[in-house]
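Me: I'm new to reading protein structures. Can you walk me through one, feature by feature?

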Amino acid sequence: MTSPLIQLVDVKKSFGAHQVLTGVNLSIHKGEILAVIGKSGTGKSVLLKHIIGLIHQDSGEILIQGKPLHKMSEKKSFLFREELSYMFQENALFDSMNVFENIGLPLAERSQYTKFIIEEKVKTRMEQLGLGPIGEKFPAQLSGGMRKRVALARALVTDPKVVLFDEPTTGLDPVRKKKVHSMIEEYQKQFGFTAVIVSHDIPEIFDVAQHIAMLDEGKIIFEGSKDDILDAHNDTVNAFIRGDEIGNSSYTDKYQPEDKYE
Amino acid sequence: MLDNLILGNLCFTDKSYIKRLMGTKYIEKIGGSTLSATESIGRIVLFFISGVVSIFVRPFQFDKVLDHTWFIGAKSLFVIVLTGLFTGMVLGLQGYYTLVTFGSEAALGSAVSLTIIRELGPVLCAIMITARAGSAMAAEIGVMRISEQIDALKTMQIDPIRFLFSPRIVAALISFPLLTAIFDVVGIFGGYLTGSLMMGINKSVYMDKVISSVQTVDIAGGFFKSFVFAIVVTTICCYRGYYTHLTTEKGYGAKGVSMATTNSVVQSCIFILIVDYIITYFLV
């Protein structure tokens, strides 16, 4: 197996007295879709924010192709982060800018593209994501689903090599959810980026991700494929997938379809 | 409540211990506040330096500077004209009734023009811009902070201080002196309206006194003040908005933004008056 593109080694993070990450070890390989699942409040978003550099770990290391990120020169670290993109859970669209300006901002600010090229790139992304003629509208004038798609367009407009999705389907109806998932899958195949998705969409996310990791109490307690997770001999993992508290007998355990006919 | 509990438990045993405990608590509080204030001063200085240095980082943000100049400068024009006019008119009235008792009402032009150009113009202008544009800066940046828009900028490798603060400080440095100049002219005209048109002081005498008493050094002093106020107001308001999440004790979200906005206006006004005194002390 090739060396991981990004590797988190024993990453720990506390906010005051509350320890959120208690030693995360996780490998992200080039070109894969990794889904990070886990209960709310277990630190999934905090984990993503460590990778993008919004939060810095108290201890442990983040390795980029085997090299510690904190030991990289400022220029190298900047170049690495320029290839990352982040889609926020609440979209984080700039409410004083229209849709077109929102999507084009990363290009306009960090590159030396001409206005014409920026316009072309933004239009292409808008068409690909089915955004239609809403370029002049402001985020507040859009539906939740539309806002999600604008955020997705903004995340993909720079052709990033790694895209971090923080619950990209929160607040979407099942049809839109499916569409966003298939879009991520489709674009990942088309552009070959590495994707890390924090998600609660169980089991739908299993069809999108090639690699699944479960975070619980600040640690990765499971890593594997869709088949591995469905066959996992881990009470916490099984209970989470079933939507149960650990220790409770699940609904599916109690209710077997055959019972109905006996 | 904690004090009551401690008192309740220990009242039969050691009252001097309680006194010592409370003394330690006060020392802790003072120490904590001192540390927090020192941190804040350090943070605001770094914020300011980073913003000023970023002004000179290419590509220059001309479009944003123009936008903010429009917002801080052009959109404040009406308020400034109105404030300037009525300040001048009140000065004209008050000045006339004071001077007439000494038979020196002819000096009204000098009194109005020097008061406005040296003091009231820069100070009132800065306070009015703080109320109109400074509060908006703090609120806008504060909302961007709590809705993760500032984090979004960071993920795009855009320096938020350069993006949000630098163009505003340049725009303020352009707008404040221009608005002060307008305030001065309108204020002197206000004094003329009440002094000459209402109270009957000779128009030529009023204007002659204005022209003869105002020196270049008065105008330069007024402009110098307005430059300093531009820096003070923009730095405090942008800083308060930018660090909304750190400066709120009991409120986050909407309440946090409202507290940051209020603090930015109050602190800006206080600092305008303090800085005005310091500059005046050195200028006179």
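Reply: Helices (H or I, at least four residues) and strands (E, at least two) are DSSP runs, numbered from the N terminus, and two strands pair if DSSP finds at least two bridges between them. Here, S1(A), residues 6-15, and S2(A), residues 18-28, run antiparallel and are joined by 8 bridges. A:Leu8, for instance, has A:Leu26 in S2(A) as its bridge partner.

A word on the source: this is a predicted model, where local features need pLDDT of at least 70 and side-chain atom pairs count only at pLDDT 80 or more, while totals for chains, interfaces and linings use all residues. Residues are numbered from 1 along each chain as its sequence is written, chains are lettered from A in the order in which they are written, and side-chain values use heavy atoms, leaving out hydrogens and water.

Me: How many residues lie between S1(A) and S2(A) in the hairpin?

Reply: There are 2, and A:Gly16 in that turn has a positive phi of about 65°.

Me: What area is buried between chain B and chain A?

Reply: The size of an interface is often given as the accessible area lost when the parts come together. Buried area (1.4 Å probe, summed over both parts) is about 1600 Å² here, with 61% from carbon and sulfur atoms. On the chain B side, B:Thr155, B:Met156 and B:Gln157 lose the most, together 40% of what that side buries.

Me: How many salt bridges cross the interface of chain B and chain A?

Reply: A salt bridge puts a side-chain nitrogen of Lys or Arg within 4 Å of a carboxyl oxygen of Asp or Glu. The rule finds 2 across this interface, including A:Lys49 with B:Glu148 at 2.9 Å, N to O.

Note on methods: Buried area = accessible area lost by both parts, 1.4 Å probe.
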